[in-house]
Amino acid sequence: GKLGRYPPWPGKIVNPPKDLKKPRGKKCFFVKFFGTEDHAWIKVEQLKPYHPHKEEMIKINKGKRFQQAVDAVEEFLRKTKGKDQASSHNSTEEKNRRNSSEERGKQSAGEEKRKASLSEGKVKKGTGEGKKRVSSVSSERGSKSPLKRAQDQSPRKRGRPPKDEKDLTIPESSTVKRVMTGTVAGFKWPPSVSEPVKDSDPHFHHFKPAEPDREAVCYQAITKKLKVCEEETGSTSIQAADSTAVNGNITPTDKKIGFLGLGLMGSGIVSNLLKMGHTVTVWNRTAEKCDLFIQEGARLGRTPAEVVSTCDITFACVSDPKAAKDLVLGPSGVLQGIRPGKCYVDMSTVDADTVTELAQVIVSRGGRFLEAPVSGNQQLSNDGMLVILAAGDRGLYEDCSSCFQAMGKTSFFLGEVGNAAKMMLIVNMVQGSFMATIAEGLTLAQVTGQSQQTLLDILNQGQLASIFLDQKCQNILQGNFKPDFYLKYIQKDLRLAIALGDSVNHPTPMAAAANEVYKRAKALDQSDNDMSAVYRAYIH
């Protein structure tokens, strides 16, 4: 989003999870935003009363989502008022029986709800080596909020629910959404209020805000320290460490970051690492691809070994098992730069045997290893919305927290090395098979005289509706197969997934059938097109 002013947004103060530590520095409240159901820590001086600023807010922001948020506030106030009146009525009757008018007055006063809102703020610009970066969100109104005084006068034990909830307004813009994602991390919304919160659920870590149409019925505990839990399957999962600064922005690690491989995925990842203030050294087999990132502030590494030796944590994202092995074991490769304490994170989608072999050689030299393949495509990589599947060194996973927040929306830790590779292949097997089925349906519609556009419209109104379905169908209808995820790579993943099934004698007939269609598409010279070009295998 742009740097600059942004309108206030309504919310209310709620009780934070018991194990969520308050940010250091100025006092702040834990806020739930109406309409979006996201949460964040908000500084006290940014809070303003709701009613006095209501009309001003409505004039500033006329958007549909803002109006929905205001409606949610009013509905909350109506319900709260009704509860207060009923509670006050019952309390009055009881106090009359006791003939204690003094106690009745205290009770009535104690149940009044206080409203507050965030004042207009502006994002300060931070400078450093020519890179722009959001550094803080500050209030333009410096008046001290009565909420702060109320908090100071009413101390309570940590973890105990507050006596009353407070309505707030909070600024919203695309910038602020990004700024607050770190603190919003880790929420899991159950389907109903009655369903209990399970300790084993928060096995993943959200970096980006939740969907706006989800109801905030309750939320999982989040923590700034690693939270390990055992799933029913026996696999260990772990919640990512929160590397969020006091102002809600990502605090980039002070460790030197290296990145090897600037393909469709790697390019977007590096761009986001730089945007969030990380110090990055890049290398690519074809050096020309490094030029753009050098202009953005990256440093150039001459060989993989040089990058690893000069950086604390080196990430790699290459095409397949052979490329991953060559990168580590080849001339001037990663292994030559590994010394005790050096960290290597392989983000390539490869098989479990390959990643296990690489982990062993890295660790044998005293290095630390993490596999972290990503689910997504070029667009999601550019947007910093990848899903990261990690396994291996837990401490390294924690050290990568700010990097993962910069490049992704969610991170999963899946235990020992090899688990992430297996899970990633299964995910891509499902995706690749689904893409082949979409192409099969569209071509069958065409040859039977049915409208392909109408088929897409019907699917988009049904249970299969998804961004993936719509985008891939649009690619086919428009004949636009510019790569977002190379066809040759999804075929590689299907092949590896089938081999995974073979290794445990598990049938994968759907994936095997889809794989044959992709092989046919490759024979038709579609390897370097998007996976949706599998459509062309059906029309030849």
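Predicted model: local features only at pLDDT ≥ 70, side-chain atom pairs only at ≥ 80, totals over all residues.

Colleague: Rings to begin with. How many aromatic pairs does the structure hold?

Modeller: Seven. Take Phe315 and Phe404: their ring centres are 6.3 Å apart and their planes are at 70 degrees.

Colleague: Why is that pair edge-to-face?

Modeller: Planes over 60 degrees apart count as edge-to-face. Phe315 and Phe404 are at 70 degrees, so they fall in that class.

Colleague: Where do the two sit in the chain?

Modeller: In distant parts of it, 89 residues apart. Phe315 is in strand S16, residues 313-316. Phe404 is in helix H15, residues 401-407.

Colleague: Are Phe315 and Phe404 buried or exposed?

Modeller: Both are buried. They also belong to a cluster linked by ring pairs, together with Phe259, Tyr397 and Phe413.

Colleague: What about Tyr486 and Tyr489?

Modeller: That aromatic pair is edge-to-face too, with 5.4 Å between centres and 85 degrees between planes. Tyr489 has a relative accessible area of 26%, so it counts as partly exposed.

Colleague: What sits over the ring of Tyr486?

Modeller: The charged end of Lys488, 5.2 Å from the ring centre.

Colleague: Switching to cores. Which residues have the most contacts inside the largest nonpolar one?

Modeller: Phe259, Phe315 and Met347, in a core of 35 residues. Several elements give two or more residues to this core, including strand S13 (257-260), strand S17 (343-346) and helix H14 (394-399).

Colleague: Which element gives the most?

Modeller: H7, with five residues.

Colleague: Back to Met347. What is it in contact with, leaving aside neighbours within four places in sequence?

Modeller: Among its contacts are Phe259, Ile269, Phe315, Cys317, Val374 and Met407. Ala316, Ala372 and Pro373 are on the list as well.

Colleague: And what lies apart from that core?

Modeller: Another core, of 30 residues. Ile490, Ala514, Met531 and Ala537 are among them.

Colleague: Why does Asn272 count as buried?

Modeller: The cut-off for buried is under 20% relative accessible area. Asn272 has 5%, so it qualifies.

Colleague: What does its side chain reach, starting with Ser381?

Modeller: The Asn272 side chain reaches the backbone oxygen of Ser381 at 2.9 Å. It also reaches the backbone oxygen of Asn382, at 3.3 Å.

How values were computed
Residues numbered from 1 in each chain as written. Heavy atoms only, no water. Phe/Tyr/Trp six-rings, centres within 6.5 Å; stacked < 30°, edge-to-face > 60°. Helix = DSSP H or I, 4+ residues; strand = E, 2+ residues; numbered from the N terminus. Buried < 20%, exposed > 50% of the residue type's maximum accessible area, 1.4 Å probe, protein only. Lys NZ or Arg CZ within 6 Å of the ring centre and 35° of its normal. Core = buried A, V, L, I, M, F, W, Y, C linked by side-chain atoms within 4.5 Å. Contact = heavy atoms within 4.5 Å. Polar contact = N/O pair within 3.5 Å; in protein donor to acceptor, adjacent residues only side chain to side chain.
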